[in-house]
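This note comments on helix packing, disulfides and salt bridges. Please read it with the sequence and the coordinates open.

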Amino acid sequence: MSPLLAAVLLLCRRYDATGTQDHSDHGCQSQGVRSCAECLAAGPHCAWCAEESFLELGQHIWERCDTARALLQRGCPSDRLEDPRGSTVLLKNQKITFHPKEQRRQQQRGQVTQLQPQTVLLNLRPGEAQSFEVKFKRVEDYPIDLYYLMDLSFSMEDDLPSVKKLGADLMEEMRNITSDFRMGFGAFVDKTVMPYISTAKDMLRNPCKRTEPWPCTPPFTYRHILSLTANGSLFTKLVGGQRISGNLDFPEGGLDALMQAAVCEKQIGWRNVTRLLVFSTDAGFHIAGDGKLGGIVIPNDGKCHLQKNVYTKGNSQDYPSVAHVAEILREKNIQIIFAVTEEVRHLYEGLRSVFPKCAVGTLSNNSHNILQIIVEAYNALTSEVVMENSKLPPGYHISYTSHCKDRKLRHGEHGRKCSNISIGDEVSFNVSITAPLCVPAAQRPPRVIIKPQGYSEEVEVLLSPICECSCQKDVVPHSPKCSHGNGTLECGTCRCKEGRVGALCECDRAESSEAFDSYLCRRDNASEVCSGRGECVCGKCVCRKSGKKPIHAYYGEFCECSDFSCDQYRGQQCGGHGRCVCGACKCYPEFHGQACECPLSSESCLSQDKQICSGRGDCHCGACICHDNRFQGPTCELCPSCPSMCTLHRECVLCTAFSLGLNPKECETRCVHLNLTLVGQAGVLARVPPSPGLHRCMEVDTEGCRVHFLLRTGQKDNVHVALERECPSGPNVILITAALSASVVVLGVALLLLWKLLTGIHDRREFARFQRELEQRRWNRRDNPIYRSAITTTVNPKYKEQ
């Protein structure tokens with residue numbers, strides 16, 4: 001076909017007034033689809049018509065993509081409709097084990113199953129969720145492996161005897177839970193370099209500097225002592241031979257030991273059963289980066305480095321990070337029990353939000369309660385099931401809904417777990433996975449793993465996105481229907497050879513006249529070619545996708561339409577109440593407006609009494625516009641500056657029922673709208689049930705009495721008034737006089753007593769001062785300068801001579 005004939009056909013179609021084209025869902029067509037695979041990726045509601053004769057010459061390829069209903073209405077044969085649906089296929093669905101203990105008695109050593117199903121295949125249509133049910137049951141007598149990891153620094157010396165007696169006691173206690181129980185033992189101190197330990201020779205030999213009752217063992221980072229075994233006596237024997245060591249700083253190398261105990265599965269002897277690791281210490285722990293203090297900068301590689309049961313990379317690799325240890329514990333399905341002292345409990349409580357399944361118990365001074373801690377922590381850990389999944393690729397979404405013992409449905413993060421599960425209880429989880437737009441086969445995820453935290457069993461979910469149509473298998477190269485072999489016929493459309501363009505490869509790009517083609521691609525002389533949003537090819541616009549969002553595309557005869565440029569309301573296109581069709585909002589039936597922001601229903605404007613805007617305004621676009629600016633609220637029900645209904649009717653009630661306030665003539669004129677009913681007591685009004693439009697009022701009259709009445713508003717206000725008023729009683733003169741007189745007497749007596757007390761104190765002070773002065777005035781005769789003795793002594797000068 002010549003380019004001129006194609007142009008004439010396009011011109012004829014431009015001015016065709018029939019308008020029979022069905023735009024039932026531009027959500028499928030607006031993506032600019034050019035193939036069946038692109039149509040399926042446009043949305044789960046989109047279908048493709050693979051019938052060759054479905055479209056006439058000159059129509060767009062994307063018109064083959066629409067809802068299945070619209071395509072069938074437009075004449076697409078049902079057998080040529082490509083609308084694949086997703087599905088769920090259970091590939092392995094072994095039932096949950098019901099009586100494992102009886103199986104063991106019968107020597108049937110088959111694997112115990114607690115999780116069903118085991119393998120699921122999901123055929124996912126992009127945007128369409130597929131769901132399946134996962135069942136979990138705590139079966140009886142499930143095997144348990146327990147590894148005891150102990151801090152052997154000097155501060156734990158008084159705890160070691162309790163651990164030495166733990167083997168037999170724990171074996172006996174765990175027999176009540178399972179007949180298949182194994183336990184092992186390991187110990188740790190810290191890295192054997194400064195500043196964590198002293199590197200003096202004598203301190204390396206005996207870090208405690210003592211010989212009695214025995215010297216301390218040389219320091220070490222981590223030592224594996226006993227692999228998992230069912231022999232409780234061997235545990236007691238080997239642990240009994242352990243001695244305390246020592247270090248310098250307070251934190252220990254516990255994370256180093258945790259990492260090795262988790263990754264060295266072969267040496268420890270871990271099985272695919274319930275794995276418990278008991279971590280006992282009275283100190284904190286070093287974290288990644290602390291190794292720099294000792295000159296250790298190589299990060300921890302998370303691999304096993306045990307040689308002769310001793311960790312050999314302690315002095316060359318840094319401590320692992322908390323997140324690294326948590327990741328390894330989750331990968332190895334290990335549930336950890338921290339048995340720590342009260343002083344450091346807060347440190348390990350903080351790990352509960354990071355570690356997958358973790359419990360914290362408080363040790364006594366000598367660890368005599370360690371058995372109780374282990375049993376209680378095991379019961380707490382196994383009574384809760386938390387589902388987790390491997391990392392999803394970008395765009396994929398997974399959701400959980402739990403069906404627990406209480407028969408309540410939980411969604412979101414709460415839908416991942418069930419609590420208070422006892423042995424024999426079965427719970428289920430509904431898992432829903434949604435695939436995004438199709439991606440290249442190399443980027444498609446092969447599977448997702450779903451499993452309960454701390455358990456080795458898992459559900460393997462194989463993902464198979466539906467990104468291709470069945471008609472793509474029936475490709476016809478060099479099809480005569482594609483302009484005499486100038487293209488390949490695939491799903492009803494032609495893929496043109498190089499140099500050929502057009503829906504049926506009818507145009508030769510070299511022969512096409514650019515000037516004439518551009519004229520056919522303009523809406524008018526003043527507009528751009530294809531509205532500046534596409535390329536004019538063979539007299540027809542080939543619209544391009546949006547540069548900002550590739551999933552959005554322009555469409556229309558001149559690329560004038562888009563479904564992403566409509567008005568927005570509250571951050572959503574078309575307010576979330578309509579579809580954007582060619583730049584304009586096509587509202588759902590119950591909404592209108594440029595952005596579908598206005599509901600047709602006036603339900604949001606109804607007040608409690610079922611009046612629109614409480615009778616004080618008009619409902620416009622789902623919101624009330626009040627007539628009086630004093631009124632506020634969603635339904636004009638609030639008026640902060642207005643008197644209440646009770647206050648408005650106060651004067652009429654008082655003048656009509658009690659002849660108070662207004663004069664009779666004014667009362668009759670102003671209160672004609674009242675329908676008054678008198679009742680005896682206020683208690684009668686209190687028994688009237690509440691209802692819309694009913695107001696309970698209590699007002700004070702001109703005499704200070706309380707008046708109770710009920711008001712029901714309407715065309716004529718109905719008022720029920722209680723004739724019994726609550727008037728305040730007058731003052732009791734006698735009581736007031738007696739009280740005043742008594743008060744004066746009491747006050748006078750109190751003042752007299754106070755005066756007497758003060759004067760008495762003053763007199764005592766004056767008398768005491770007088771006594772002191774009197775004492776000071778008694779002179780000593782020897783000290784008195786004017787004292788003369790009454791005795792005169794005369795000396796005879798001749799006495800010596802004689």
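The points below take up each topic in turn.

1. Basis of the note. The model is predicted, and local features need pLDDT of at least 70, side-chain atom pairs count only at pLDDT 80 or more, and totals for chains, interfaces and linings use all residues. Residues are numbered from 1 along each chain as its sequence is written, and side-chain values use heavy atoms, with hydrogens and water left out.

2. Crossing of α7 and α14. Helix α7 spans residues 166-174 and helix α14 spans residues 370-382; their axes come within 10 Å and cross at roughly 35°. Axes here are lines fitted to C-alpha atoms, for helices over the stretch in contact, and angles run from 0 to 180 degrees between N-to-C directions. Helices (H or I, at least four residues) and strands (E, at least two) are DSSP runs, numbered from the N terminus. The crossing of α7 and α14 is right-handed, a crossing being right-handed if the near helix is turned clockwise from the far one by less than a right angle, and left-handed if anticlockwise.

3. Residues at that crossing. From α7, the residues L166, D169, L170 and E173 meet I370, L371, I374 and V375 of α14; contact means heavy atoms within 4.5 Å. The residues of this contact divide into six nonpolar, no polar and two charged. In this division Ala, Val, Leu, Ile, Met, Phe, Trp, Tyr, Cys and Pro count as nonpolar, Asp, Glu, Lys and Arg as charged, and the others, Gly among them, as polar.

4. Disulfide count. A disulfide is a covalent bond between the sulfur atoms of two cysteines. The criterion applied is a pair of cysteine sulfur atoms within 2.5 Å, and by this rule the count comes to 19 disulfides. Three of these are described in the points that follow.

5. C39 and C65. These cysteines are joined by a disulfide with an S to S distance of 2.1 Å. The pair links distant parts of the chain, 26 residues apart: C39 belongs to helix α3 (residues 36-42) and C65 to strand β2 (residues 65-67). The link is right-handed, with 85° about the S-S bond. C39 is buried, at a relative accessible area of 0%, and C65 is buried with a value of 0%. Buried means under 20% relative accessible area, exposed over 50%, and partly exposed in between (1.4 Å probe, protein chains only).

6. C561 and C582. The sulfur atoms of this disulfide are 1.7 Å apart. Because C561 lies in strand β30 (residues 561-562) and C582 in the loop between β33 (578-581) and β34 (584-587), the pair ties together parts that are 21 residues apart in sequence. The link of C561 and C582 is left-handed, with -60° about the S-S bond. C561 counts as buried at 6% relative accessibility, whereas C582 is partly exposed at 33%.

7. C598 and C621. A disulfide is formed here with the sulfur atoms 1.7 Å apart. C598 lies in strand β36 (residues 598-599) and C621 in the loop between β37 (617-620) and β38 (623-626), so the bond ties together parts that are 23 residues apart in sequence. The torsion about the S-S bond is about -90°, and the disulfide is therefore left-handed. C598 is buried, with 7% relative accessibility, while C621 is partly exposed, with a relative accessible area of 25%.

8. Salt bridges. How many salt bridges does a search of the whole structure find? The search finds 23, a salt bridge being a side-chain nitrogen of Lys or Arg within 4 Å of a carboxyl oxygen of Asp or Glu. One of them pairs R85 with D83 at 2.8 Å, N to O. R85 is partly exposed at 39% relative accessibility, and D83 is partly exposed at 27%. A network of salt bridges links D83, R85, R125 and E128.

9. Two further pairs. K332 forms a salt bridge with E265, and their closest N and O atoms are 3.0 Å apart. K332 lies in helix α12 (residues 322-332) and E265 in helix α11 (residues 265-268), so this pair ties together parts that are 67 residues apart in sequence. K332 is buried at 15% relative accessible area, whereas E265 counts as partly exposed at 25%. E490 forms a salt bridge with R495, the closest N and O atoms being 3.0 Å apart. E490 is buried at 15% relative accessibility, and R495 is partly exposed at 47%.
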